[in-house]
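Dear colleague,

Please find the structure below for your records. My findings follow it, beginning with the charged side chains.

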Amino acid sequence: MKIAVIQGPNLNMLGVREQQIYGPMKLEQIHAQMKDVATQNNIEIEFFQSNLEGEIVDKIQECFGDAQGIIINAAAYTHTSIAIRDAISAVNLPTIEVHISNIHRREEFRKVNMIAPVCTSSIVGFGPFGYHLAMVGMTQIMNEIHAAQEAQKETAQAK
Ligand code: DQA
């Protein structure tokens, strides 16, 4: 089982940018915690960050046939990108959207969310801990997929 973690624009600046909103943790620290959860659960995990919309679309497409789930913080593109929304829809993988801040309590333009309707779930407003919650949720989804695959194998063998 493999999951991809896709981080959008300016998230490489975590720990520096607007600490009063996003906190002091750096992206590498967040990823290290996610990696621990993945390792404990025998899940392969890949991390990707880009400031460019097209690169994020490419990465989501690459997940097709390669990963079984996606955790994404599309950052500012959340509010504008039909291309990222369409890519998530196209690959049709379990996808958990994370936002460090509570986007519903901020500026009006952050209340527009292009991504949420095509995601399995959204986690907002928990700070960097939201990524850990996403890992817990994704582990559960991976376990369910694995169990369904095993059950299918058993049924095929019994025939
Ligand atoms: C964000 C919220 C977005 O509105 C913002 O543009 C970001 C980060 C968050 O994680 O809270 O860059 O996605």
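A network of salt bridges links Lys2, Glu46, Lys59, Glu62 and Asp66 in this predicted model. Within it, the side chains of Lys2 and Asp66 meet in a salt bridge at 2.8 Å, N to O. Lys2 belongs to strand β1 (residues 2-7) and Asp66 to the loop between α3 (53-63) and β3 (69-73), so this pair ties together parts that are 64 residues apart in sequence. Lys2 is buried, with a relative accessible area of 11%, whereas Asp66 is partly exposed at 36%.

The side chains of Lys59 and Glu46 form another salt bridge, 2.6 Å from N to O. Here helix α3 contributes Lys59 and strand β2 (residues 44-49) contributes Glu46, and the two residues are 13 apart. Lys59 counts as buried at 9% relative accessibility; Glu46, at 25%, counts as partly exposed.

A further salt bridge joins Lys111 and Glu108, with their closest N and O atoms 2.7 Å apart. Lys111 is partly exposed at 37% relative accessibility, and Glu108 is exposed at 60%. In the whole structure, the search finds eight salt bridges.

As to the overall fold, the protein chain contains five helices and five strands, in the order β-α-α-β-α-β-α-β-β-α from the N terminus. Buried residues account for 44% of the chain. There are 12 positive and 17 negative side chains, and the centres of the two sets lie 5 Å apart.

With kind regards

Note on methods. Residues are numbered from 1 along each chain as its sequence is written. This is a predicted model: local features need pLDDT of at least 70, side-chain atom pairs count only at pLDDT 80 or more; totals for chains, interfaces and linings use all residues. Side-chain values use heavy atoms; hydrogens and water are left out. Helices (H or I, at least four residues) and strands (E, at least two) are DSSP runs, numbered from the N terminus. Buried means under 20% relative accessible area, exposed over 50%, partly exposed in between (1.4 Å probe, protein chains only). Lys and Arg count as positive and Asp and Glu as negative; His and the chain ends are not counted. The place of a charge is taken as NZ of Lys, CZ of Arg, CG of Asp or CD of Glu. A salt bridge is a side-chain nitrogen of Lys or Arg within 4 Å of a carboxyl oxygen of Asp or Glu.
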